[in-house]
Amino acid sequence: MSGSNVWSRSREKMRHFPELLAQCSVEAATYGKCVTATTTGRQELRKDLCAKEFEALRTCFANAAKKKAR
């Protein structure tokens, strides 16, 4: 497998990212609000604080990508 094919596939996937993000705007906003709320002041984001919101966003991206592939 040549390295250029790997980069071509990666670039192609990244071209679809804005469209996928638009389809998951509610989930992305919810995750962003969770991250913002948990990092107010000097608090650091810790693992699993927004796991539920992240999982919803990940699932939305996966579903949107499946629809795009069809």
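Is C24 buried or exposed? Select C24 and see: this residue is buried, at a relative accessible area of 0%. Keep in mind that the model is predicted.

**Stop 1: C24 and C60**

Look along the S-S bond. The angle about that bond is -95 degrees, and the link of C24 and C60 is left-handed. Now colour the helices. C24 sits in the loop between α2 (17-23) and α3 (25-38), while C60 belongs to helix α4 (residues 51-69), so the bond ties together parts 36 residues apart in sequence.

**Stop 2: C34 and C50**

Which cysteine is joined to C34? Select C50: a disulfide links C34 to C50, S to S 2.1 Å. This link of C34 and C50 is left-handed, with -90 degrees about the S-S bond. The pair connects distant parts of the chain, with C34 in helix α3 and C50 in the loop between α3 and α4, 16 residues apart. Check burial at each end. C34 is buried, with a relative accessible area of 12%. C50 is buried as well, at 5%.

Zoom out to show both bonds. How many disulfides does a search of the whole structure find? The search gives two. Number the bonded cysteines of the chain in sequence order, and the pairing reads 1-4, 2-3.

**Stop 3: T38**

Go back to helix α3 and select T38, which lies in that helix. T38 is buried, with a relative accessible area of 19%. That value falls under the 20% cut-off for buried. Show what surrounds this residue. Setting aside neighbours within four places in sequence, T38 is in contact with Q43, E44, L45, L49 and C50.

**Stop 4: F17 and F61**

Now turn to the aromatic rings. Searching the whole structure gives two aromatic pairs. One of them is F17 with F61. How are these two rings arranged, stacked or edge-to-face? They are stacked, at 5.6 Å centre to centre with 25 degrees between the planes. The cut-off for stacked is under 30 degrees. F17 lies in helix α2 and F61 in helix α4, so the pair ties together parts that are 44 residues apart in sequence. F17 counts as partly exposed, at 37% relative accessibility, whereas F61 is buried, with a relative accessible area of 18%.

**Stop 5**

Take the members in turn. M14 is in helix α1 (residues 3-15) and counts as exposed, at 56% relative accessibility. L21 is placed in helix α2 and counts as partly exposed, at 33%. F17 also lies in helix α2.

**Last stop: from M14 to F54**

Hold M14 and pick F54. Where does F54 lie relative to M14 in sequence and in space? Draw the distance from C-alpha to C-alpha: the two residues are 19 Å apart in space. In sequence, M14 and F54 are 40 residues apart.

Terms used
Residues numbered from 1 in each chain as written. Predicted model: local features only at pLDDT ≥ 70, side-chain atom pairs only at ≥ 80, totals over all residues. Heavy atoms only, no water. Disulfide = S-S within 2.5 Å. Helix = DSSP H or I, 4+ residues; strand = E, 2+ residues; numbered from the N terminus. Buried < 20%, exposed > 50% of the residue type's maximum accessible area, 1.4 Å probe, protein only. Phe/Tyr/Trp six-rings, centres within 6.5 Å; stacked < 30°, edge-to-face > 60°. Contact = heavy atoms within 4.5 Å.
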